[in-house]
Amino acid sequence: MTLDEVRADADPATFPSCVLDARTAFDFFGAGFLGRNSAVHMERAGMRVSVIDADDHRLDEMAPLYPKTWKFVHGDAFEIARLIADSGAKADLVVLDPWTNGVPRVLEALPLFARLSSRWLVFGLTAAQGDPPDLDALLSTVDAPLSPVAIVRRSDHVGGVWWGVATVL
Ligand SMILES: C[S@@+](CC[C@H](N)C(=O)[O-])C[C@H]1O[C@@H](n2cnc3c(N)ncnc32)[C@H](O)[C@@H]1O
């Protein structure tokens, strides 16, 4: 697979354009489709990205396709998020793209992931959170300084998959 092949499969309309002004990003759960859902859009926008995923084989496949300045970190997203939060490091954008059955756990951990972002937080949602999900209601239950910005529909998979977009206040 080449980066052009990943790009050809990645419709820019499926990723929130408002976050593309970010210069740095943490791309959690970033490797499953070699970046088709997330990394490739950040690469197009010229961001410097750290991709974090539990699948080391996928990360090894992905790394040669992307800029040499990018980091590819193997491990559990929640553990690595805690380590980054403890270090005080932040990026302009944090993207969270778990498998659909992993969405509830990620939503519970939004306060942790929000600590890693200086501006944007983008996270996957499914029809289990509403069709379409009600971002204002969802964030009103999260104990973190997040302001709702947009819901972007990504695909019809399992009844609908969206990106929730928030800013960190
Ligand atoms: C929907 S795929 C991500 C697709 C990816 N964003 C892309 O654009 O190619 C979900 C990813 O979550 C990863 N994953 C699942 N549980 C994880 C965990 N606890 N920590 C880190 N990665 C995990 C899987 O290995 C898989 O690559």
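Q: Which residue of strand 7 is the bridge partner of valine 152?
A: That's tryptophan 163. Strands here are DSSP runs of E, at least two residues long, and helices are runs of H or I, at least four, both numbered from the N terminus. One thing before we go on: this is a predicted model, where local features need pLDDT of at least 70, side-chain atom pairs count only at pLDDT 80 or more, and totals for chains, interfaces and linings use all residues. Residue numbers start from 1 along each chain as its sequence is written.

Q: What makes strand 6 and strand 7 (residues 161-168) a pair?
A: Two strands pair if DSSP finds at least two bridges between them. Strand 6 and strand 7 are joined by 8 bridges and run antiparallel, so they pair. In their hairpin, 5 residues sit between the strands, and valine 158 there takes a positive phi near 40°.

Q: How do you know that strand 4 (residues 91-96) pairs with strand 5 (residues 117-126), and in which sense?
A: There are 5 bridges between strand 4 and strand 5, against a cut-off of at least two, and the sense is parallel. Alanine 91, for one, has serine 117 in strand 5 as its bridge partner.

Q: What makes strand 3 (71-74) and strand 6 (146-155) edge strands?
A: The open sheet has 7 strands in the order 3-2-1-4-5-7-6, with mixed pairing. Strand 3 and strand 6 each pair on one side only. Ignoring direction, neighbouring strands in this sheet are turned by 15° against each other on average (the axes are lines fitted to C-alpha atoms, and angles run from 0 to 180 degrees between N-to-C directions).

Q: Why is arginine 48 called partly exposed?
A: Buried takes 20 or more other C-beta atoms within 10 Å, exposed takes 12 or fewer, and partly exposed lies in between, with C-beta atoms placed from the backbone. Arginine 48 has 15, so it is partly exposed. Arginine 48 belongs to strand 2 (residues 48-53). Leaving aside residues up to four places away in sequence, it touches Arg23, Thr24, Thr69 and Trp70 (contact means C-beta atoms within 7 Å, placed from the backbone).

Q: Why does phenylalanine 29 count as buried?
A: Phenylalanine 29 has 22 C-beta neighbours inside 10 Å, so it clears the cut-off of 20. You'll find it in the loop between strand 1 (24-28) and helix 2 (39-44).

Q: How do you know that the buried residues of helix 4 line one face?
A: In helix 4 (residues 77-87), Ala77, Ala81 and Ile84 are buried. Seen down the axis, they fall within an arc of 65°, so they line one face (the arc is that of the directions from the helix axis to the C-beta atoms). Glu79, Leu83, Asp86 and Ser87, on the other side, are exposed. The buried residues pack against strand 1, strand 2 and helix 6 (110-114).

Q: What makes the peptide bond from aspartate 131 to proline 132 cis?
A: Its omega is near 0°. Most peptide bonds are trans. Proline 132 sits in the loop between strand 5 and helix 7 (135-140).

Note on methods. Two residues are in contact if their C-beta atoms, placed from the backbone, lie within 7 Å.
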